[in-house]
Amino acid sequence: MEAKASKSPHPLVWVAAISLIVFSAAGVGAMMGWIPTSIGKQEEAVLTVKQDKQAPVRVAKAPVPAAVVVAAKCVDCGVIQSVREIEAKGVGTGLGAVGGAVVGGALGSQVGGGDGKKVMAVVGAVGGAVAGNEIEKRVKSTKSYEITVHLEDGTNRVFTEASAPSWRTGDKVRIVNGVIQSNA
């Protein structure tokens, strides 16, 4: 028969076992109030009150509950969620179409000869009217910027500005009288 040599557990097992015991003891000490800086068990203050011709009476004060700090929610505070550029096409008044038709008809009449010249003038006028109307709409188009703010209460508010805003996604802001202001 062979004799088995008894082998000691791995050193990491020893370290884990010792640290488990130490942390468990520290946790019990904190919960029981044995550690001075813990909030587990608060000391009860005992007052001794002497009454006339009687033995002193011991009165125990109730423990004072720990103060709970609650951060007040800022109703008008939030974070910039998105900034989008919105382009609104302008409305044609007809002046662009008329001007385009005149220019297109004049240029079309320069092409070809005889009846072909007349046909090209008509085609140029129609093409110029369509192009002129589209050019007028683009010239009269406007840009605005839509800013979405995610407020601390979980709601979203959308603001529109005519000029390019300086806000970027993630900026902390506050809404004051309907205007976005920095809250950094």
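Let me start with arginine 138. At 58% relative accessibility, this arginine counts as exposed. Keep in mind that we are looking at a predicted model.

What does arginine 138 pair with? Its salt-bridge partner is glutamate 134, and the closest N and O atoms are 3.6 Å apart. Both residues sit in helix α3. They are four residues apart, about one turn of the helix.

Now stay on glutamate 134. Its relative accessibility is 26%, which puts it in the partly exposed class. Glutamate 134 also forms a salt bridge with lysine 89. Here the closest N and O atoms are 2.9 Å apart. This pair links distant parts of the chain. Glutamate 134 is in helix α3, residues 115-139. Lysine 89 is in the loop between β3 and α2, and α2 covers 95-108. The two are 45 residues apart. As for lysine 89 itself, it counts as exposed, at 54% relative accessibility.

Lys89, Glu134 and Arg138 form one network, joined by salt bridges that share partners.

How many salt bridges does the structure hold? Five. I will show you one more of them. Glutamate 85 bridges to lysine 143, with the closest N and O atoms 3.7 Å apart. Where do these two residues lie? Glutamate 85 is in strand β3, residues 77-88, and lysine 143 is in strand β4, residues 142-151. The partners are 58 residues apart in sequence, so this pair ties together separate parts of the chain.

Glutamate 85 is partly exposed, with a relative accessible area of 45%. Lysine 143 is also partly exposed, at 47% relative accessibility.

Last topic: confidence. The protein averages a pLDDT of 77. Of its residues, 78% score at least 70. One stretch to flag is residues 43-49, where the pLDDT is below 50. Beyond near neighbours in sequence, that stretch has 15 contacts in the model. Where pLDDT is low, the predicted coordinates should not be read in detail.

Between strands β3 and β4, look for glutamate 85 with lysine 143.

How values were computed
Residues are numbered from 1 along each chain as its sequence is written. This is a predicted model: local features need pLDDT of at least 70, side-chain atom pairs count only at pLDDT 80 or more; totals for chains, interfaces and linings use all residues. Side-chain values use heavy atoms; hydrogens and water are left out. pLDDT is the predictor's confidence in each residue, from 0 to 100. Contact means heavy atoms within 4.5 Å. A salt bridge is a side-chain nitrogen of Lys or Arg within 4 Å of a carboxyl oxygen of Asp or Glu. Buried means under 20% relative accessible area, exposed over 50%, partly exposed in between (1.4 Å probe, protein chains only).
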